[in-house]
Amino acid sequence: QVELMESAGGLVQPGGSLRLSCSASGSSATFKTMGWYRQAPGKQRELVAIISSGDSTNYADSVKGRFAISRGNAKNTVYLQMNSLKPEDTAIYYCNGRGNIYNPNANYWGQGTQVTVSS
């Protein structure tokens, strides 16, 4: 059984910063790709950023230059540093892990954490 556990989000003022973390636990908790997605009220879940086991990254255009994704040394932890936050970044943020040594089609999600950007 694999679990992805996100850190708490929070309320941040516009222009502020917040760092999210996600730790994967379980016997097959090292994923080929880990990432962050978000879902705002009334909208579909969208990609924010992903990082591969080789540390290559990909970002949504809306967050490029403001957000940075990274992985811990053990490769089962992923971070999202969010800077210059805007009200439109308000959403539930979900951690995602895909592909492990047992199952290339593995796809796991965290429970989500609320990030609210408001003055």
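Asp-55 is placed in the loop between β5 and β6 (57-59), where strands are DSSP runs (E, at least two residues) numbered from the N terminus. The model is predicted, so local features need pLDDT of at least 70 and side-chain atom pairs count only at pLDDT 80 or more, while totals for chains, interfaces and linings use all residues. Residues are numbered from 1 along each chain as its sequence is written, and side-chain values use heavy atoms, without hydrogens and water.

**Loop residues with positive phi**
- Asp-55 has a phi near 70 degrees, a positive value in a residue other than glycine.
- Ser-84, in the loop between β8 and β9, also has a positive phi, of about 50 degrees.
- Most residues other than glycine have a negative phi.
- Asp-55 counts as partly exposed at 42% relative accessibility; the class lies between buried (under 20% relative accessible area) and exposed (over 50%), with a 1.4 Å probe and protein chains only.

**Open sheet**
- Four strands form an open sheet in the order β1-β3-β8-β7, with antiparallel pairing; strands pair if DSSP finds at least two bridges between them.
- β1 (3-6) and β7 are the edge strands, each with a single partner, so one side of each has no neighbour in the sheet.
- β1 and β3 are joined by 4 bridges, and Leu-4 has Ala-24 in β3 as its bridge partner.
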